[in-house]
Amino acid sequence: MGLLSACNTGIEPKEHLGEIYSVALDSIMKEDEGLNSDMQYIAIDMSNFEEADESDKKEILNYFKEKYKVEVMEATFEQLEEKGLYNSDLMRLDGVLLKIEKVDFKFNNKILFEGSKYRSGLGAIGVEVKVHYKDNKWKAKEVKMTWIS
C-alpha cells in the first residue's frame, strides 16, 4: 500500500458529524462521573455546532437517550434556567450540560474537540478529546481533563 492510499481513506468526516460529535461528547460524559450522579437529564448545548445539521443533532440526542436512559435535550445554560431546570436552592443543575467550545478538523481524519461538562459552579470540568477513524469507526483517543472547578 503506497503512502498516499494509506492517508486517503476516502472518509469525509463532515458526512459523519452525528457520530463524531456523539463519540466526543460521550467521552466528556465519562470523565468525572461523580458529576452524573442522580442526573435527571442530559442537556447538550449545540449552539456552536456549525457544521452539524438537524439530522446530525437528532442522531446525537438519540445516542444519549439510548445510552443513558434519561431525558436528553438540546439547550444552553440560559435555556435550562428559563425552563426551571436549574435548581437555585442547591445552585446546580438537576442534570448535566455538555458543551463543545472548539472543534478543529485536522488532516487525516483526526478531530480535536475542546468541551466541558457542567453541573454547578463547583462541579464542572473541561475536557480535550481527539477523535479519529480506526477500524471502520470513529473513536475517542487521548481524552484529558484540562480544568476542573
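Analyst: Accessible areas come from the Shrake-Rupley method with a 1.4 Å probe, and for residues only the protein chains shown count as cover. On that basis the chain exposes about 8,400 Å², with carbon and sulfur atoms supplying 49% of it. This is a predicted model in which local features need pLDDT of at least 70 and side-chain atom pairs count only at pLDDT 80 or more, while totals for chains, interfaces and linings use all residues. Residues are numbered from 1 along each chain as its sequence is written, and side-chain values use heavy atoms, with hydrogens and water left out.

User: How many helices and strands are in the chain, and what pattern does the chain follow along the sequence?

Analyst: Helices (H or I, at least four residues) and strands (E, at least two) are DSSP runs, numbered from the N terminus. The chain has four helices and seven strands. Their order along the sequence is α-α-β-α-β-α-β-β-β-β-β.

User: Do strands S1 and S2 run parallel or antiparallel, and how many bridges join them?

Analyst: Two strands pair if DSSP finds at least two bridges between them. Here S1 (residues 41-45) and S2 (residues 71-74) run parallel and are joined by four bridges. From S1 the chain passes through helix H3 (residues 54-68) to S2, a β-α-β crossover that is right-handed (clockwise from the first strand over the helix to the second, with the strands pointing away from the viewer). Ile-44 has Glu-74 in S2 as its bridge partner.

User: Which side chain meets that of Glu-74 in a salt bridge?

Analyst: Side chains of opposite charge can pair when their charged atoms come close. The cut-off is a side-chain nitrogen of Lys or Arg within 4 Å of a carboxyl oxygen of Asp or Glu. Glu-74 pairs with Lys-57 at 3.9 Å, N to O. Lys-57 counts as buried at 13% relative accessibility, whereas Glu-74 is partly exposed at 36%. The structure holds eleven salt bridges.

User: Where do Lys-130 and Glu-142 lie?

Analyst: Lys-130 lies in strand S6 (residues 123-134) and Glu-142 in strand S7 (residues 137-148), so their pairing ties together parts twelve residues apart in sequence. The closest N and O atoms of this salt bridge are 2.9 Å apart. Lys-130 is partly exposed, at 30% relative accessible area. Glu-142 also meets Lys-141 in a salt bridge (3.7 Å, N to O), and Lys-141 is partly exposed at 26%. Elsewhere, salt bridges that share partners join Asp-26, Lys-30 and Lys-67 into one network.

User: Is Asp-26 buried or exposed, and which residues does Asp-26 touch?

Analyst: Asp-26, in helix H2 (residues 17-29), is buried at 3% relative accessibility. Leaving out residues up to four places away in sequence, Asp-26 touches Tyr-63, Phe-64, Lys-67 and Tyr-68.

Methods
Buried < 20%, exposed > 50% of the residue type's maximum accessible area, 1.4 Å probe, protein only. Contact = heavy atoms within 4.5 Å.
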